[in-house]
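Hi everyone, thanks for coming.

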Amino acid sequence: MPLDQTAVARVLGVDVPPLPRPIVAVTHDSRAVVPDGAFVAINGFTSRGSDFVPQALANGATLIVAEAPIEGVPTAVVPSDRIALAALATEFAGNPSHDLTVYGITGTNGKTTSSYVLHAILTAAYGESATGLMTTAEIIVGSEHETAIRTTGEAPQVQGNLARMRDAGVTHVVLETSSHGIHLHRVDGTRYAAALFTNLTRDHLDLHGTMEDYYLVKRRLFEWTAGPKLSNADDVYGARLATEIEGTLTFGLAAEADYRISGERTEGTRTVFELHTPGHGDLTLSIPLLGDYNVHNVAGAAGLALEMGMSPQLLTSAVSEMAQVPGRFERVPAAQEFGFEVVVDYAHTDIGLRAVLDVARDVAGDHRVICVFGACGARDKDKRPKMGAAASELADEAIITTDDAYNEDPAAIADEVYAGADPRHTEVIIDRRAAIDAALGQARPGDVVVVAGKGHETVQHLPTGDVPFHDTTVVTELLTALRASSSATTD
Ligand SMILES: CC(=O)N[C@H]1[C@@H](OP(=O)(O)OP(=O)(O)OC[C@H]2O[C@@H](n3ccc(=O)[nH]c3=O)[C@H](O)[C@@H]2O)O[C@H](CO)[C@@H](O)[C@@H]1O[C@H](C)C(=O)N[C@@H](C)C(=O)N[C@H](CCC(=O)O)C(=O)O
Ligand SMILES: Nc1ncnc2c1ncn2[C@@H]1O[C@H](COP(=O)(O)OP(=O)(O)OP(=O)(O)O)[C@@H](O)[C@H]1O
């Protein structure tokens, strides 16, 4: 909805220079400015938005918003650029969250998985066309799926996607809400109907400084949410949240949890457990996901759905029939005819690698676990040898390969990973496709091949440029070739 000068001044709460015509769009990116658009110049971590004002003007911007006056350019000067961006974006989109039921999910780990679980429950309850999802892996609007770029986009993306969902007839939306999203005002203007907190462990302290500040940022989601709120009783910060924010219920193994988990067991490729609920009886949930942490993810999502009025029967069948989560212990179906398992997982830290390899070990039993993985370039070098050590300890065979190297030399990154590994059962194959191929070639019935690091991602960032790469697709292609060559040999 175009905004005239009076409307912009009302939204921003400051004086606005005269506008030739109403503003038709808002963005923080000078490259995306359209004629008669507004450009909010953000003082960023690496560059200053004000440096891009000439480009914004060249692209047709008729309103510039910034925290300080810009010489020679009529500017609406605001106290906070990011708050202003969110306010304008929300107004342009027509306050979409007010027409939707938005479920916010936050925490360090398990956000994406819990979001998919809740989305599956909502889809069972309201139908595919009435549900939406915004996560690290995908944005889903009804039956349309698209790859996401970040967990929580900037405010124009968040509000734009919510508006798109509203206009498409969606009524229930799961919004994975990162701490960056909250801290950088990307979700300001969003009305949350319900909220879930998964856990809090050390991460992102470059942005938040201390664990306390990190926690307080996450807590804001619960401060904003008037409706049902559920937190993890087994996590120190989750338990604290329940004592600090009135009306927050808990889930977990703890005896005092409102939604209490018990009796977890693995049955073939499924996990079964009991969820003791306040007011809905004791439910037996059987889920197509493995790993203790997924019991927590399902318990949290299920508890929140019950609090929002879903029937226990519907919920039980929805979680039983839910699809796999893209890139989270995702089993590649094409492997089944070979009698081994291939699992694609997003684990890209030593801790994540240990978690996924632990589950793979359980699945493999007396058979072997073969792990293909690499470390990311351009960040957190400390974790490289630790990842090598984790793979050596928990896998029988480790193949170090390239993850997203960005501008670093992939061979140099691999050397650093190799430094922490046990050379007796570790090899380095720089080309990721060749490394996966080698792992599949070694796999025997009963074995589990874990392809870790990129999960749902569809692009590999290399010093030579970006190339399309999706682990699940590559594994499927290589297995198809393997089948063809083994049937040619048999013939
Ligand atoms: C630390 C962080 O979150 N940084 C985000 C932040 O960057 P920034 O403020 O430093 O922006 P900048 O690059 O300095 O540029 C300043 C401004 O100039 C603008 N610009 C820049 C270039 C140009 O040609 N024209 C132009 O207008 C930019 O759009 C920006 O508004 O604002 C940028 C633009 O909005 C984001 O792209 C960028 O996300 C980067 C890519 C990022 O990696 N973010 C990650 C850490 C993140 O947000 N992750 C969380 C998930 C975390 C988790 O739970 O795992 C997420 O929600 O995705
Ligand atoms: N509840 C949990 N507790 C601890 N670890 C978890 C939990 N859920 C998932 N994990 C681990 O974290 C990895 C990422 O899971 P998921 O994508 O669901 O989390 P996330 O919070 O969305 O993280 P990201 O934003 O990086 O995707 C999984 O592969 C698993 O190893």
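Okay, let's start with ligand 2: domain 2 (96-321) and domain 3 (330-490) both give residues to the shell around ligand 2, so it lies between them. Those domain bounds come from an automatic or database domain assignment.

Quick housekeeping: this is a predicted model, where local features need pLDDT of at least 70, side-chain atom pairs count only at pLDDT 80 or more, and totals for chains, interfaces and linings use all residues. Residues are numbered from 1 along each chain as its sequence is written, while chains are lettered from A and ligands numbered from 1 in the order in which they are written.

So who sits around ligand 2? There are 19 residues, and the closest are Asn109, Gly110, Lys111, Thr112 and Thr113. To be in the shell, a residue needs its C-beta atom, placed from the backbone, within 6 Å of the ligand. Helices H4 (111-126), H10 (292-307) and H12 (350-364) each bring at least two residues to this shell; helices here are DSSP runs (H or I, at least four residues), and strands are too (E, at least two), numbered from the N terminus.

Now ligand 1. It has 19 residues around it, with Gly44, Phe45, Arg150, Thr151 and Ser178 the closest. Domain 1 (5-93) and domain 2 (96-321) each contribute at least three residues to that shell.

Last stop: strands E22 (residues 459-462) and E23 (residues 465-468) pair in the antiparallel sense over four bridges; pairing takes at least two DSSP bridges. They form a hairpin with two residues between them, and His461 has Asp466 in E23 as its bridge partner.
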